[in-house]
Amino acid sequence: MRFTKVTVAAIGLLGAALIGTAAPAGAAGGQAFGPNVKIAQPWFDDTATASAVEGDVSIQQTADGAIKWMADRRGSTAYEGYCERAVRLAWNRSTHHASAIDHWRSSDGARHTTGTPPRGAFVFWNISQYGHVGIADGNGGFWSTSVGGKIGHPGSTGYFSNYLGWKYGNSN
């Protein structure tokens, strides 16, 4: 996330407002917050789904950005069993599909069954009832979950069996 002077100033004002409204120490049995206030746990939050905003225009993810998102998580096991979620987060998509096979079968982009998938394209396999999806590198390889049990980069779509094809990647 890129911080601007306005963002930093807003965070500073918000922090000052929160500090100014906190209950004094010892109030309410030593608690500064009421019983119905939940403390955020950012490590559980799906922060990658929020669009970055510059002025009034949402910044759309690019193929290079989606690939970088996956590459930055190389070796991670956090998305095992959640390939569709990983590619959605990598592309910063607002469109959700229940599974990779639902994404493949959807009207969300034309299906292509021949040719080398272009850089950033979604690539699909029919390896289970849920299917599997990754992001093409543009050279015949792809980034995906479940590569040796983690996010990885095989050099060929033949890494998984039952290759279906590809759809153009996008941030819709």
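**Entry 1. Ser 171**

Which backbone oxygen lies 2.9 Å from a polar atom of the side chain of Ser 171? I found that this oxygen belongs to Trp 91. I counted such a pair as a polar contact, meaning N or O atoms within 3.5 Å, where within protein one must be able to donate a hydrogen and the other to accept it, and residues adjacent in sequence count only if both atoms are side-chain atoms. I also noted that the side chain of Ser 171 reaches the backbone nitrogen of Gln 61 at 3.0 Å. Ser 171 lies in the segment after strand 6. I recorded Ser 171 as buried because its relative accessible area is 11%; buried means under 20%, exposed over 50% and partly exposed in between, with a 1.4 Å probe and protein chains only.

I worked from a predicted model, in which local features need pLDDT of at least 70 and side-chain atom pairs count only at pLDDT 80 or more, whereas totals for chains, interfaces and linings use all residues. Residues are numbered from 1 along each chain as its sequence is written, and side-chain values use heavy atoms, with hydrogens and water left out.

**Entry 2. The whole protein**

I listed 4 helices and 6 strands, taken as DSSP runs numbered from the N terminus (helices: H or I, at least four residues; strands: E, at least two). Along the sequence the pattern reads α-β-β-α-α-α-β-β-β-β. Of the 172 residues, 32% count as buried. The protein exposes about 10500 Å², and carbon and sulfur atoms supply 57% of this area, by the Shrake-Rupley method with a 1.4 Å probe, where for residues only the protein chains shown count as cover.

I traced an open sheet of 4 strands in the order 5-4-3-6, with antiparallel pairing; two strands pair if DSSP finds at least two bridges between them. Strand 5 (142–143) and strand 6 (163–167) stand at the edges with a single partner strand each, so one side of each has no neighbour in the sheet.

Strand 3 (residues 122–125) and strand 4 run antiparallel and are joined by 4 bridges. I saw Phe 124 with Val 133 as its bridge partner in strand 4, and Phe 122 opposite Ile 135. The hairpin of these strands has 6 residues between them, and Gly 131 there takes a positive phi near 70°.

Strand 4 and strand 5 are antiparallel over 2 bridges, and Trp 143 in strand 5 is the bridge partner of Ile 135. In their hairpin, with 5 residues between the strands, Gly 138 has a positive phi near 90°.

**Entry 3. Helices on the sheet**

I looked at helix 2 (residues 63–71), which lies across strand 4 and strand 5 and runs at about 115° to strand 4. Helix 3 (residues 83–91) packs on the sheet, touching strand 3 and strand 4, at about 30° to the direction of strand 4. Axes are lines fitted to C-alpha atoms, for helices over the stretch in contact, and angles run from 0 to 180 degrees between N-to-C directions; contact means heavy atoms within 4.5 Å.

**Entry 4. His 132**

Is His 132 buried or exposed? I recorded His 132 as buried because its relative accessibility is 3%. His 132 lies in strand 4 (residues 132–136), where 5 of the 5 residues are buried. Its side chain makes a polar contact of 2.5 Å with that of Ser 144 and reaches the backbone oxygen of Thr 145 at 3.3 Å. Beyond four places in sequence, the contacts of His 132 include Cys 83, Ala 100, Trp 125 and Phe 160.
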